[in-house]
Amino acid sequence: MAATAWARFVRHRWLPKLTVVVLLAALVTGLVLVRFQRRDDHNADVLATACAGVLPERALPDDETWRLRTDLDLTGRSSHGPRTLMTCSVEWGEEGSLDVTAVPVLDAPLRGVRLSDLLSTSPYEKEPKWATAYERATTQVTAACPTGLPGYPRPVTRFRVHASLNTEDDREARLEPQLGEAVAAVANAVREKSRCGGTAVDPSDVRPLPRPVNDYRDSDEDLPTCRWFRPGLLGDDDWARTDQGNQGASHDWARACSLSLQRADTPTRQDQLAAVSSASWWGAVLPEVRGEYGAELAALADSPATTADQRSYPLAVWAESVCAKGRTLSRVTVATATRTLSAARIDGLLDAYLDSADCRDTRILGKVWK
């Protein structure tokens with residue numbers, strides 16, 4: 001009976017061929033399914049490892065095999081503490097990759113702390129590449145850590161997470177909208193690990209870096225750090241800024257202002273000109289300020305020497321106060337054509353400057369003629 005059925009099957013015109021095709025199709029399908037399952041299992045392992053397992057799956061292409069780079073520098077240190085809080089790089093295809101990195105936001109070191117240094121066009125030491133990589137990233141976010149990141153000699157209350165997407169095809173339009181979720185996930189993982197407190201990072205907080213990056217200098221049209229000054233502080237309201245020599249700047253540890261002034265309807269040009277400057281320092285730079293201005297601070301108790309035929313009489317006053325940034329050292333200077341005018345106006349200038357910053361518990365350290 002079986003032999004007869006087999007004989008009929010073999011003699012059939014198309015049934016044996018169809019059977020072979022079906023078997024081959026089933027075999028190929030099985031192999032493909034096994035391959036897909038292995039790829040999915042491999043990708044799941046990569047996803048669980050990369051950036052502590054917090055990356056969202058949809059931030060990566062689901063039709064590729066992912067590769068996790070393992071040669072990243074995760075433990076390198078700088079003189080300021082750990083330079084990398086979290087980093088991972090997932091690659092696919094020939095050129096595709098997603099790089100996500102979290103780094104502390106450290107205060108860039110100033111080249112110097114004198115008034116001229118604070119107002120310079122290049123006041124900072126050159127930062128390492130890891131600290132400026134966010135400027136070249138696809139998107140980024142700066143997150144707050146109110147309790148401070150552990151492991152640093154100075155308080156570090158901010159960190160930055162940036163992501164770079166590289167893809168060789170049209171996947172960019174599909175994957176880039178998911179970068180915000182990936183960056184926010186990494187930022188919140190760092191917040192939780194560091195016990196930062198404060199508000200969680202939302203994907204809507206993540207956005208490309210606005211330009212320009214360096215915004216420490218006041219614009220020419222508006223000098224926020226000089227708003228404390230008004231012409232009446234020099235005795236008359238007819239004082240006004242000149243066209244040149246007016247600058248202002250704000251930094252993490254200091255702020256500064258320098259004004260060049262002129263007055264109309266005076267007998268000589270020497271009487272028409274005056275200069276006013278202000279500067280404040282706080283935090284970690286205070287010892288350096290005391291060192292840089294050591295000679296001037298040491299001369300505060302000295303009596304001013306009488307100098308004849310000077311074109312200008314610059315007078316500086318120093319004070320210590322408690323301001324918004326904590327213990328603050330402030331210096332205000334005025335230079336006019338007469339010693340009497342400089343001496344008469346310096347106290348009012350200092351009071352106006354400190355009042356504008358809501359300073360209290362002020363202690364006048366002294367005055368010195370320059």
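**Figure 1. The disulfide of Cys145 and Cys196 in the predicted model.** The torsion about the S-S bond of this pair is about -90 degrees, so the link between Cys145 and Cys196 is left-handed. The two sulfur atoms, those of Cys145 and Cys196, are 2.0 Å apart. Cys145 sits in the loop between strand S6 (139-144) and strand S7 (158-166), and Cys196 in the loop between helix H6 (179-194) and strand S8 (239-241); the pair therefore ties together parts that are 51 residues apart in sequence. Cys145 has a relative accessibility of 0% and counts as buried. Cys196 is also buried, with a relative accessible area of 0%.

**Figure 2. The disulfide of Cys51 and Cys88.** The S to S distance between Cys51 and Cys88 is 2.0 Å. A torsion of -95 degrees about the S-S bond makes the link of Cys51 and Cys88 left-handed. Cys51 belongs to the loop between helix H2 (15-49) and strand S1 (67-68), while Cys88 belongs to strand S4 (residues 86-92), so the bond connects parts that lie 37 residues apart in sequence. Cys51 is buried at 4% relative accessibility, and Cys88 is buried with a relative accessible area of 4%.

**Figure 3. The disulfide of Cys226 and Cys257.** The sulfur atoms of Cys226 and Cys257 are 2.0 Å apart. The torsion about the S-S bond of Cys226 and Cys257 is about 120 degrees, so this disulfide is right-handed. Cys226 is found in the loop between H6 and S8, and Cys257 in strand S10 (residues 254-263); the pair therefore ties together parts that are 31 residues apart in sequence. Both Cys226 and Cys257 are buried.

**Figure 4. The hairpin of S9 and S10.** Strand S9 (residues 247-250) and S10 run antiparallel and are joined by 4 bridges. The hairpin formed by S9 and S10 has 3 residues between the two strands.

**Figure 5. The open sheet of 5 strands.** The strand order is S1-S4-S5-S7-S6, with antiparallel pairing. S1 and S6 stand at the edges with a single partner strand each, so one side of each has no neighbour in the sheet. Between S6 and S7 the antiparallel pairing extends over 6 bridges. Ala144 stands opposite Arg158 in S7. Helix H6 packs on the sheet and touches S4, strand S5 (96-104), S6 and S7. The direction of H6 makes about 150 degrees with that of S7.

**Figure 6. Overview of the chain, with 10 helices and 14 strands.** The whole structure contains 4 disulfides. With bonded cysteines counted along the chain, the disulfides follow the pattern 1-2, 3-4, 5-6, 7-8. Of the 370 residues in the chain, 41% are buried. Among contacts with a separation of 6 or more, 64% are between residues 24 or more positions apart. The chain exposes about 20,900 Å², and carbon and sulfur atoms supply 51% of this area.

Conventions. Residues are numbered from 1 along each chain as its sequence is written. This is a predicted model: local features need pLDDT of at least 70, side-chain atom pairs count only at pLDDT 80 or more; totals for chains, interfaces and linings use all residues. Side-chain values use heavy atoms; hydrogens and water are left out. A disulfide is a pair of cysteine sulfur atoms within 2.5 Å. Buried means under 20% relative accessible area, exposed over 50%, partly exposed in between (1.4 Å probe, protein chains only). Contact means heavy atoms within 4.5 Å. Accessible areas come from the Shrake-Rupley method with a 1.4 Å probe; for residues, only the protein chains shown count as cover. Two strands pair if DSSP finds at least two bridges between them. Axes are lines fitted to C-alpha atoms, for helices over the stretch in contact, and angles run from 0 to 180 degrees between N-to-C directions.
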